[in-house]
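Student: Could we go through this structure together? I would like to discuss helix packing, strands and backbone geometry.

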Amino acid sequence: MENVFLMNHPLIQHKISMLRDKKTGTNEFRKLVEEIAVLMGYEALRDLPVEPVEVETPLETCQTPMISGKKLAVVPILRAGLGMVNGILTLVPSAKVGHIGLCRNHETHEPQEYYCKLPSPIEERTIAVLDPMLATGGSAVAAVDFIKEHGGKTIKFLSIIAAPEGVQRLHQTHPDVQLYCGCVDRCLNEDAYICPGLGDAGDRIFGTK
């Protein structure tokens with residue numbers, strides 16, 4: 001599928017395998033999510049626009065490229081997406097951070113918004129939406145809907161683990177959004193959890209049940 005990118009780098013795959021292990025504790029899990037976000041972000045942000053600027057080296061003055069314009073907005077989907085933010089900020093410390101709060105209705109499995117705050121002017125930025133899990137795709141579609149309603153245009157979605165159902169739904173609804181996945185798993189179970197997956201990413205990042 002166009003605009004869907006599978007991140008099959010050995011380092012990403014190795015760290016995802018460590019995430020899956022139920023014996024991996026909260027502290028290590030949190031660090032792994034951040035490290036994976038760095039590796040995914042490095043690839044996902046390869047097309048950030050640059051412009052030549054004048055820099056004086058110890059030897060002479062030269063024209064050299066730097067990231068141009070209003071740069072990057074990082075928008076985690078609360079709460080699990082918070083675990084990926086520092087990884088992207090490691091790469092682009094000047095990025096602005098917004099937040100979208102969505103919770104899943106456990107009966108319908110559909111997202112409900114409870115918070116949305118985005119950097120302004122959002123329409124001039126490349127927007128990286130972060131969520132470790134892309135399950136049904138409901139939250140991802142809703143988040144992108146909100147961003148577009150606020151004027152966002154250039155949107156990338158970064159997910160560590162995805163279900164085929166979520167990939168299909170996001171891609172069909174928003175084919176212009178670039179989707180970066182660390183791994184596409186087998187399926188969703190009857191409770192809409194990704195299998196084999198890694199459990200609940202938010203609970204494992206924050207040590208809650």
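Tutor: The discussion below takes up helix pairs, a strand pair, a glycine and some backbone features in turn. Please keep in mind that this is a predicted model.

Student: Understood. How do the axes of H1 and H2 cross, and at what angle?

Tutor: Helix H1 (residues 10-20) and helix H2 (residues 26-44) have axes that come within 10 Å and cross at roughly 155°. Angles over 145 degrees count as roughly antiparallel, and H1 and H2 are therefore roughly antiparallel to each other. Their crossing is left-handed.

Student: Which residues make that contact?

Tutor: From H1, the contact uses Leu11, Ile12, Lys15, Ile16, Met18 and Leu19. From H2, the residues are Glu28, Phe29, Leu32, Val33, Glu35, Ile36, Leu39 and Met40. Sorted by class, the contact of H1 with H2 has 11 nonpolar, no polar and three charged residues.

Student: And H2 with H3: what are the angle and the distance there?

Tutor: H2 packs against helix H3 (residues 82-91) at an angle of about 45°, and the axes are 7 Å apart. H2 and H3 are therefore oblique to each other. The crossing of H2 past H3 is right-handed.

Student: Which residues meet in that case?

Tutor: On the H2 side they are Val33, Glu34, Ala37, Val38, Gly41 and Tyr42. On the H3 side they are Gly83, Met84, Asn86, Gly87, Ile88, Thr90 and Leu91. The contact of H2 with H3 divides into seven nonpolar, five polar and one charged residue. Val33 of H2 takes part in the contact with H1 and also in the contact with H3.

Student: What about H4 and H5: are they roughly parallel or roughly antiparallel?

Tutor: The axes of helix H4 (residues 138-149) and helix H5 (residues 164-173) come within 8 Å and cross at roughly 25°. H4 and H5 are therefore roughly parallel to each other. This crossing is right-handed. Gly138, Ala140, Val141 and Val144 of H4 make the contact with Arg169, Leu170 and Thr173 of H5. By class, the residues of the contact of H4 with H5 are four nonpolar, two polar and one charged.

Student: Switching to strands. How do E2 and E3 pair?

Tutor: Strand E2 (residues 50-56) and strand E3 (residues 61-67) pair in the antiparallel sense, over seven bridges. A hairpin of four residues joins E2 to E3.

Student: Does E2 lie in the open or is it buried, and why?

Tutor: E2 lies largely in the open, because the number buried among its seven residues is zero.

Student: Let us turn to a single residue. Where does Gly182 lie, and what does it touch?

Tutor: Gly182 lies in strand E11 (residues 178-184). With a relative accessible area of 1%, Gly182 is buried. Leaving out residues up to four places away in sequence, Gly182 touches Leu6, Met7, Ile12, Gln13, Ile16, Met40, Ser159 and Ile160. Ile12 and Ile16 of H1 and Met40 of H2 also belong to the contact of H1 with H2.

Student: How many residues separate Gly182 from Asp200, and what is the distance in space?

Tutor: Gly182 and Asp200 are 18 residues apart in sequence, and their C-alpha atoms are 16 Å apart.

Student: Now the backbone. Which peptide bonds are cis?

Tutor: The bond from Leu78 to Arg79 is cis, with omega near 5°. Arg79 is placed in the loop between strand E4 (72-78) and H3. The bond from Cys195 to Pro196 is cis as well, with omega near 0°. Pro196 lies in the loop between strand E13 (194-195) and helix H6 (201-206).

Student: And which residues other than glycine have a positive phi?

Tutor: Asn3 has a positive phi of about 75°, and phi of Ala192 is near 65°. For context, most residues other than glycine have a negative phi, and most peptide bonds are trans.

Student: Where are those two, and are they buried or exposed?

Tutor: Asn3 is in the segment before strand E1 (4-6), and counts as buried at 18% relative accessibility. Ala192 is in the loop between strand E12 (187-188) and E13. Ala192 also counts as buried, at 8% relative accessibility.

Technical notes. Residues numbered from 1 in each chain as written. Predicted model: local features only at pLDDT ≥ 70, side-chain atom pairs only at ≥ 80, totals over all residues. Heavy atoms only, no water. Axes fitted to C-alpha atoms, helices over the stretch in contact; angles between N-to-C directions. Parallel < 35°, antiparallel > 145°, perpendicular 65-115°, else oblique. Left-handed = near helix turned anticlockwise from the far one by under 90°. Contact = heavy atoms within 4.5 Å. Nonpolar A, V, L, I, M, F, W, Y, C, P; charged D, E, K, R; others polar. Buried < 20%, exposed > 50% of the residue type's maximum accessible area, 1.4 Å probe, protein only. Pairing = 2+ DSSP bridges.
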